[in-house]
Amino acid sequence: MTHLLASDPQPSLILDASAAVLAVNPALQAMLGPWPARTVDYWLPSNVQALVNACLSQARAISDVEASVADKILLWTFIPASADQVLVRCRDATAERLAEREASQARRLYRLITENTTDLISRHSPDGCFLDASPASYRLLGYWPEELRGVAVQSLFHPQDRQQSLLQAAQALEQDGYQTMTCRVRHRDGRDLWFEIASRAIRETYTGAVVEIVSVSRDISVRIEAQENRRRLAEVVEANTDLVLFTDRDGQLSYLNRSARRALGLQDVEALPGLQALLDPALQQRLEREGWQCAEQTGVWHAETRLIPWQGAAAFPVSLVLLAHRGTGGERYYSLVARDMTERELRESQQRRHQDELAHSARLITLGELASGIAHEINQPLAAVVNYASASQRYLQVLDRDPQAALRVAQGLQRISEQATHAAEVIKRLRAFLRKEPRRLQALAIADVAIEAVRLCDWEAARDQVSIELQIGDPLPAVYADRVLLEQVLLNLLRNAIDANREQHQGQPSRIVLSAALVEGQLRIQVSDQGPGVPAERLDGIFTPFNTSKPEGLGLGLSMSRSIIEGFGGTLQAMPGVAGGLILCCRLAPVASV
């Protein structure tokens, strides 16, 4: 036994029944170092006595008992050699066991990844049936892995994608061994989801035949929807009739939609000009002063301006919006959306022209209604002229007898001149009121306009025993308006007040107050009457065209007045009076605040 032990190339030793070492071969000494530098307990399994007893009592070999010593993993085999001796053989299995453990850990990690990944990992037969699937199949498709086994992949595809997708996949896997496709897959609940499926063919080593297909499938419905939304948005932007321009803070244009290229004359221009070349100089200054900063702080900035087409075409008016955006990386970029307001300007000009013509017609009607008062105001100076002329003629006949006759003739001629001048002033005011010219905006003193309006309706007010009281503070800032139109508005308000007072105080004295004051930065002009008033729910309705309570009225006075005031940038509203009646309140911006 000792001779055989010494010649055995495998590390071995002999133990007696008490597990004491009887002999050690050179191979074991070479593997473990100087023997016995350490006790047998250090090298052998900790339960060596039990192993020896079992080996001898059962007369059988016990193999591959692991013992970890230092950084080594040793496998011991116990073989009964005689009734009281055991042959123990050793094998260094360090590399083998470490490789097995690493492989086991890798398999465990792969299993964890497979079971917990949000992507669907699946195995398929060459004809496309499921062999296995990861648990993500339930979250993505509504099927447990066990339910998918044996199910044909094509049964889950959208009918329109089924034939073409499978044909392309089969060809690519056969030729290249790898294929990625995007298609629609039907969820168990009937929804169609967009999937990106990457597949790899597993081939038989010797024949190269495809024996299995491994696929990784990912739900990209959100990404596809986002791409589709971006595509639709791009189509909308490109087809939009508004001008859309993309730019950076330095004014470098990166994109113009079709409308912008056409309006700015850039259809055939490859290198886009700078934004500054297309902007009105005043707008460039506003952009630098407030535009960029406002857009960055609030996201949007507005301006009414003009754009200048490339290479000398006429500038055109636009309503411009500057929008600030932030990219996914935090970078800033900007878009300009401009609406061509040329047609609106033409419409507004035409509307103003029609409004001015209508206002002129209304003034003619108003003067016709005031004809009696106008005739009275002109007849008075004319009658005085006739009287003074007759008296002067009588004094001329007695010049030789009356020393005072010449002085009285001179006084008469002076009175005739004064009365004629007064009549001429009345006619001049009427001609100015009836002027039919394009509106001319200018700075006006509201007191002067109010006095002229009161003069025009003074006789009508006196006829109905209505006194008009002016309460105009001094000094008041001027307002920017057309004199004739503003006078017409005040005349309309005063005449409405006179009618209301006459209705409420038939045959009795009453009062109207025309006031003007600076309130909260605006010039507030009010006409307050003592009429029956208007119910609160009907206040705004009095400005509706053709809404009138007068049998002979057209219902255009207040409607036209509001339009005129709004054309001056102001407002005209009605409110109940404190002690009854109605207050018509006009607000205009003073020249100093514009």
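Reader: Is Y480 buried, partly exposed or exposed?

Author: This is a predicted model: local features need pLDDT of at least 70, side-chain atom pairs count only at pLDDT 80 or more, and totals for chains, interfaces and linings use all residues. Buried means under 20% relative accessible area, exposed over 50%, partly exposed in between (1.4 Å probe, protein chains only). Y480 has 46% relative accessibility, so the label is partly exposed.

Reader: What is the area of the nonpolar surface patch that includes Y480?

Author: Y480 sits in strand β18, residues 479–482. Strands (E, at least two residues) and helices (H or I, at least four) are DSSP runs, numbered from the N terminus. Patch members have over 30% relative accessible area and no salt bridge; like charges are joined within 9 Å, nonpolar side chains (Val, Leu, Ile, Met, Phe, Trp, Tyr) within 5 Å. With L441 and V591, Y480 makes a patch of about 260 Å².

Reader: Which residue stands opposite V527 in β22?

Author: Strands pair if DSSP finds at least two bridges between them. β20 (residues 522–528) and β22 (residues 582–588) pair antiparallel over 6 bridges. 6 of the 7 residues of β22 are buried. Opposite V527 stands L584.

Reader: What is the phi of G580?

Author: β21 (residues 571–576) runs antiparallel to β22, joined by 6 bridges. L572 has C586 as its bridge partner in β22. The two strands form a hairpin with 5 residues between them, and G580 in the turn has a positive phi of about 95°.

Reader: How far apart in sequence are the parts tied together by D119 and R218?

Author: Their side chains meet in a salt bridge at 2.8 Å, N to O (a side-chain nitrogen of Lys or Arg within 4 Å of a carboxyl oxygen of Asp or Glu). D119 is buried at 11% relative accessibility, while R218 is partly exposed at 42%. D119 lies in the loop between α5 and β6, and R218 in strand β10, so the parts tied together are apart by 99 residues.

Reader: Why are R502 and D499 separated by about one helical turn?

Author: Their side chains form a salt bridge at 2.9 Å, N to O. R502 is partly exposed at 25%; D499 is buried at 15%. They are about one helical turn apart because in helix α16 their spacing is 3 residues.

Reader: Which residues are linked with E100 in a network of salt bridges?

Author: E100 is partly exposed, at 40% relative accessible area. Its side chain meets that of R97 at 3.7 Å, N to O. Both lie in helix α5, 3 residues apart. The network links E100 with E66, R97 and R101.

Notes
Residues numbered from 1 in each chain as written. Heavy atoms only, no water. Areas by Shrake-Rupley, 256 points an atom, 1.4 Å probe, with all protein chains shown as cover.
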